[in-house]
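Welcome, and thanks for taking a look at this one.

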Amino acid sequence: MTTATTVKTEYEAIIGLETHCQLSTNTKIFSNSSTAFGSDPNTNIDPVCMGLPGVLPVLNQKVLEYAVKAGLALNCQIAKYSKFDRKQYFYPDLPKNYQISQYDLPIAEHGWLEIELVDAEGNPIRKRIGITRLHMEEDAGKLVHAGSDRLSGSSYSLVDYNRAGIPLVEIVSEPDLRSGQEAAEYAEELRRIVRYLGVSDGNMEQGSLRCDVNISVRPVGRKEFGTKVEIKNMNSFSAIQRAIDYEIERQIAAIEAGDRIIQETRLWQEGAQCTSSMRVKEGSSDYRYFPEPDLAPIEVSNAQLEQWRSELPELPAQKRHHYESELGLSAYDARVLTEDRSIAEYFETAIASGANPKAAANWITQDIAAYLNKQKLTITQIALTPTNLADIITRIETGKISNAQAKQKLPDLLSGISPEKAFAGLELITDPSVLEPIVDEVIAANPKELEKYRNGNTNLKGFFVGQVLKKTDKRADPKLTNELVEKKLNA
C-alpha cells in the first residue's frame, strides 16, 4: 500500500514601501507659512495653503533642490523636464479638495539604495533595493478625533491645517524586499541618507517620515504576484518589521485555510500586535490627475544638476565600505559609527588626529555612546573633542596611562578637562628598576599568600598584582607588573 506524502508549500513575501519624507525647509512648498512643528493649531496657515480663491502657488526653490539631492543620493535619473499635477480627492483635512503632486513626469526615477544586514557570524550581507520614483508633493492637514483615536467611534473631529502645504517627497520602492527585517533596514537606510543630506530630520514620532507597506505572498517559484495588502499606522522601524512579519503569517494561514486574500488597507495595532482591516479597495482609485495649471513645468539645467551633485556628502553605505575594507572595522562597528553623520565625522576627525581606528571605534561605540544615552545628548554636545580622544588613545598605546585610568577619568574628559590636566601625575610606572622594589615589598608583606601560591594556588598571582596596583595608585604598568610578579613568585 502506497502512502501519499503531502509536500508543504513554501511561500515568499513580495514587499514594497511608499515613504513620505518631510523636507526640512523653513517655509511651505507653495507659500511662505512656517513649517515649525508643535505650533498652536491653525496658526501656520495662509490663503495659498488654505486654497482661498484668487491666490496662486509659487514653488519653494529649496524644495526642488532638496528633492533633486535626495534623488541623486538614491542613484536616480533626474528628469530634465517634470511638472506638477492635481490629484483630486475629498477629505476634510484637504482644504482645496485636491493635492498638488506629481504624476506621470516625476522629478526622479529608476534608482536604488543598498541595505546591509549582518549575519550570525557578523559578516555583512548587502542587497540593492530598487527605487521606482521620487516625486514632490504637498502634505494634507491633520484630523483629531475626539472620543477615539480613529474616525470610527469618535463623537466629533477637529481639523488642524498647520501641516497643509508642508513639502514632502514620496519615495516608492520596487517590490524587492522579502522580509520584515529587510523592509525595516530599507526604511532606516532611507532615513540615514536624508539625514546625511540635511534635507529632512527623519523624525517618525513627529510624522517627518511615514512608511506605508504593500505586501503580498506567493508560492516560491511562481512569477505572478499575490493580492496586495497595504499596511498603515507604523511609527517605528521595529513596528514596520513586526507588522510585516505578522501580515506574512496571516496571509499564508488564510491561503492554507482556503480563504481569499482581498485587496485592502489594514492598520497596525501596536497594543494588540496585529493588523486589522481599515477599508477594502475594490480597485485603484481614480484621482482624475491633470497638469497643475497654476505652476510652470520644471527644467533642471545640467549646470545646476552638477552643482547640486558636487554638494552631496559621502553617504552611509560608502562610509561603511570604507570603514570595513580599509580601516578593518567589523560590520557592526561600521554600522554604529555611520548611523549618524556627526558620529562618523567625529570618528574620522579622531583618526585624522592620529587615533588607532579600532581603538577610536571602541571608545565611541561603547564608553562615549553609553554616556550619550544616559545623558540624552548627541556627540556634538560633549566637550571631549575628537583630537583629545586621539590624544588619550595615543597615551594608552604608548604606555603613558592605562586603559583603566582613562576610563576612570572619562567623566572629567567629557566635561572638558584636557588630557594634560586629567592625567597629570598619573603617568604609568614603566621603569622595572622603580617597580621591582615595590613588588618585593608586597610579596614580603604577604607570606601566607606566598606560601599558598607556591603550594599550587596560582590564582593568587592576581592578588599580588592587585596589591602592587593599589600601592602605586594604579600607576604601575599592568603588563610589566604581571611579568615582575610572576618572576618573583616563581623564583
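A residue counts as buried under 20% relative accessible area, as exposed over 50%, and as partly exposed in between. Val144 has a relative accessibility of 41%, so Val144 is partly exposed. Please keep in mind that this is a predicted model.

**Surface**

- Val144 belongs to strand β8, which covers residues 142–146.
- Together with Tyr156 and Leu158, Val144 makes a nonpolar surface patch of about 300 Å².
- Lys479 has a relative accessible area of 61%, so this residue is exposed.
- Helix α16 (residues 478–489) is where Lys479 is found.
- The C-alpha atoms of Lys479 and Thr430 are 9.3 Å apart in space, while the two residues are 49 apart in sequence.

**Salt bridges**

- Side chains of opposite charge can pair when their charged atoms come close.
- How many salt bridges does a search of the whole structure find? The search gives 42.
- One of them joins Lys69 and Glu311, with 2.7 Å between the closest N and O atoms. Lys69 is in helix α1 (residues 61–73) and Glu311 is in the loop between α4 (302–310) and α5, so this pair ties together parts that are 242 residues apart in sequence.
- Glu189 and Arg192 meet in a salt bridge of 2.5 Å, N to O. They sit three residues apart in helix α2 (residues 180–197), which means about one helical turn separates them. Both Glu189 and Arg192 are buried.
- Lys319 pairs with Glu348, the closest N and O atoms being 2.8 Å apart. Because Lys319 is in helix α5 and Glu348 in helix α7, the bridge ties together parts that are 29 residues apart in sequence.
- Lys319 is buried, at 5% relative accessibility, and Glu348 is partly exposed, with a relative accessible area of 27%.
- Salt bridges with shared partners join Glu114, Glu116, Arg126, Glu185, Glu188, Glu189, Arg192, Arg320, Glu324, Arg335 and Glu339 into one network.

**Aromatic rings**

- Seven aromatic pairs turn up in a search of the whole structure.
- Tyr323 and Phe347 form an edge-to-face pair, with 5.0 Å from centre to centre and 70° between the planes. This pair links distant parts of the chain, as Tyr323 is in helix α5 (residues 316–325) and Phe347 is in helix α7 (residues 341–352), 24 residues apart.
- Are Tyr323 and Phe347 buried or exposed? Both are buried.
- One aromatic cluster is formed by Tyr89, Tyr103, Tyr287 and Tyr289.

**Charges over rings**

- Arg128 has its charged end over the ring of Trp112, 3.5 Å from the ring centre.
- Lys407 has its charged end over the ring of Trp363, 4.9 Å from the ring centre.

**A three-stranded sheet**

- Three strands make an open sheet in the order β5-β4-β15, with antiparallel pairing. Which strands are at the edges? They are β5 (98–101) and β15 (290–291), each pairing on one side only.
- Strand β4 (residues 85–88) is joined to β15 by two bridges, and these strands run antiparallel.
- Asp85 has Pro291 as its bridge partner in β15.

Technical notes. Residues numbered from 1 in each chain as written. Predicted model: local features only at pLDDT ≥ 70, side-chain atom pairs only at ≥ 80, totals over all residues. Heavy atoms only, no water. Pairing = 2+ DSSP bridges. Helix = DSSP H or I, 4+ residues; strand = E, 2+ residues; numbered from the N terminus. Phe/Tyr/Trp six-rings, centres within 6.5 Å; stacked < 30°, edge-to-face > 60°. Buried < 20%, exposed > 50% of the residue type's maximum accessible area, 1.4 Å probe, protein only. Lys NZ or Arg CZ within 6 Å of the ring centre and 35° of its normal. Patch = residues over 30% accessible without salt bridge, like charges linked within 9 Å, V, L, I, M, F, W, Y side chains within 5 Å. Areas by Shrake-Rupley, 256 points an atom, 1.4 Å probe, with all protein chains shown as cover. Salt bridge = Lys/Arg side-chain N within 4 Å of Asp/Glu carboxyl O.
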